[in-house]
Each structure stands twice: as C-alpha cells, then as structure tokens.
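Thank you all for coming.

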Amino acid sequence: MRYIERSNKKSKPKTLRLIGEQTPFAIRESFNQLRTNLLYTTNDNDGCPIYAITSAEMSVGKSTISSNIAVSFTNLGKKVLLIDADMRRPAQHFTFGYDKKQPGLSDLLAGVKTNDEECMNSPMRGLTVITSGIIPPNPAELMHSKKFGEYLEKWKNEYDIIFIDCPPAGVVSDPIALASLINGYIIVAMANRSDSNRINATIKLLKMSKAKITGLVLNATSLRGEGSKYSKHYGYKHGYYKYNYYYGYKNGND
Ligand SMILES: Nc1ncnc2c1ncn2[C@@H]1O[C@H](COP(=O)(O)OP(=O)(O)O)[C@@H](O)[C@H]1O
Ligand SMILES: [Mg+2]
C-alpha cells in the first residue's frame, strides 16, 4: 500500500483518509490490487466473507486500509458493511464525518440498542458503516460476547462482504474473539516502522486461536523510494515515538 498524498500539509486528516479521484493512480491501483487479491481468496459459494483488519502495533493504518478497501468493493457494485470494532481508539466515525457519540457497535453489543438499523449509516452508495459507539469500559468482553457472533450471522445474509476494523491483536486480545466467526485476518504493517518480530509474534498468537491469516498489507511504502516527499510529510517515525505505546489500550487484555 502506498502513501496517500495530502494536497497540502495543512489539509485535515479527514480529507486524506479516503481515496478519491484526486488520489494518485499508484495509490488507487494498490487498493485495486488488494481488492483483487481478496477476490481470489474468496469462494463465491461461501457467501458473504468477513475480514478483520488488525496489526501487531497501533497506528499502522488499519482504519485507513479498512475504510478504503470497503469503498473499493462498493465500486464493484458490492453491498459492503464496515464495522468499527476498535472500541478503544475508534476512527471510522471521524473518517466518514459522524459524531463519535452516535450509537454504534458498543451500544448493540451491550444491549443499549436492540435495533441494528439505528446504528447503521450510509455515507455512500453500497456502503454501510457501523461506528464504534460510545467507548465502553469493557471492550474485550463486548468483542467476546455471543451477540457479536449472532449479529455477524444476521449481517452475512444482508451484505456481500464485511470488513471489521479491529484494535491491534499484538496489544489487546479483542480481535482474537473473532477467530471462529470470520474468514480471515488481514494484518497491516507499516513500512520502515513495524517490527518483524512483533508481526511474527502476532501471527503466532492468532494462529494459536486457530485463526486464518488472509494476508499481510504493507502500508505506506513510499511512492518514490526512501526519503521521498511523502515519507517526509508524515514523519511517522517521529510521530510514533510521541505516543505512549499503551495509550488508548491501557486496559490491556481486560
Ligand atoms: N498510507 C498512508 N498514507 C498517508 N497517511 C496514512 C497512511 N496510512 C495511514 N495514514 C495516517 O496515519 C494515521 C494512523 O492511521 P490509522 O489508519 O488510524 O491507523 P490504525 O488504525 O492502525 O491506528 C492516520 O492519521 C492516517 O490518516
Ligand atoms: Mg484504527
């Protein structure tokens, strides 16, 4: 996956999160490639495939990849459901411009909302987004709840493909809860930043739960090689170390 270019340094992240016609061809093409690879790994007879997007570390582009690959499938005329299951550091409400307090996944899983339609948003043709909902005190518990499996079974009959934007499996246990409910995990790593030992440890952890790994996406490879203007713009290396590693995931494997 290539760097997504900002039109200028001051443009808001909201506008760079989704690719559009302005996005360089190479970037749009890399999403098309990912889409093709996914199409090859799914069997039409299996019905609606469900993919969970996770990583070893935080802030490697999981949410960016999730939203863009979801949009890319709508361009094929597919009915796509995108679920923000990172109930610790949610992102999809922001990407699609919804209020972070609006009802979403946490409200459904906690039983605060019983009608899933109240939690569904349609930002564009073919795409339904369920935002994370109010940040709950017990995200891991909610992910493991029977209700999630029941809702996924229901949604499988209503959509062509489902993407679940997860927290990093290398940091918290939430995504492992989905192992038996989904077709596979897509692991995102950040070029020049993600640590291969941590990626391998995360893959091992997921495999121990009998999870299927559909593929690894290397995000933010530079368009023009090392030190290109794109990698300079984002300065991930610096940004990363400003984070407290467990920020937002401080409940650990609660
Ligand atoms: N390929 C990319 N090019 C440019 N910016 C990116 C790219 N991937 C991610 N980002 C930016 O990096 C930040 C973290 O990405 P995000 O998708 O929220 O990561 P995660 O979900 O893994 O925490 C966001 O501001 C996002 O816009
Ligand atoms: Mg995210």
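Before the first number, one term: two residues are said to be in contact if their C-beta atoms, placed from the backbone, lie within 7 Å. With that in hand, and bearing in mind that what you see is a predicted model, consider the contacts between residues at least 6 apart in sequence, of which 78% join residues at least 24 apart. The protein has 254 residues, and 40% of them count as buried, while its secondary structure comprises 10 helices and seven strands.

Let me turn to the sheet. Its seven strands, with mixed pairing, form an open sheet in the order S3-S4-S2-S5-S1-S6-S7. Which strands stand at the edges? They are S3, residues 121–124, and S7, residues 213–219, and because each has a single partner strand, one side of each is left without a neighbour in the sheet. On average, and ignoring direction, neighbouring strands here are turned by 25° against each other.

I would like to stay with strand S6, residues 184–190, which is mostly covered, since six of its seven residues are buried. On one side, S6 runs parallel to S1, residues 50–55, and five bridges join the two; within that pairing, Ser55 has Val188 in S6 as its bridge partner. S6 also runs parallel to S7, to which it is joined by six bridges, and here Ile187 stands opposite Leu216, while Met190 stands opposite Asn219.

How does the chain get from S6 to S7? The chain passes through helix H8, in a β-α-β crossover that is right-handed. H8 itself, residues 196–208, packs on the sheet and touches both S6 and S7, with its direction making about 170° with that of S6.

Finally, let us look at helix H2, residues 25–41. At 1.5 Å a residue, its 17 residues should span 24 Å, and this agrees with the model, in which the end C-alpha atoms are 24 Å apart. Ser30, Phe31 and Leu38 are buried in H2, and, seen down the helix axis, the buried residues of H2 fall within an arc of 95°, so they line one face. Helix H3, residues 62–74, is included in what covers those buried residues. The face of H2 turned away from the buried side, by contrast, carries Phe25, Glu29, Gln33, Thr36 and Tyr40, which are exposed.

Conventions. Residues are numbered from 1 along each chain as its sequence is written. Chains are lettered from A and ligands numbered from 1 in the order in which they are written. This is a predicted model: local features need pLDDT of at least 70, side-chain atom pairs count only at pLDDT 80 or more; totals for chains, interfaces and linings use all residues. Two strands pair if DSSP finds at least two bridges between them. Helices (H or I, at least four residues) and strands (E, at least two) are DSSP runs, numbered from the N terminus. Axes are lines fitted to C-alpha atoms, for helices over the stretch in contact, and angles run from 0 to 180 degrees between N-to-C directions. A residue is buried if 20 or more other C-beta atoms lie within 10 Å of its own, exposed if 12 or fewer, and partly exposed in between; C-beta atoms are placed from the backbone. A crossover is right-handed if, with the strands pointing away from the viewer, the path from the first strand over the helix to the second runs clockwise. The expected span of a helix is 1.5 Å times one less than its number of residues. The arc is that of the directions from the helix axis to the C-beta atoms.
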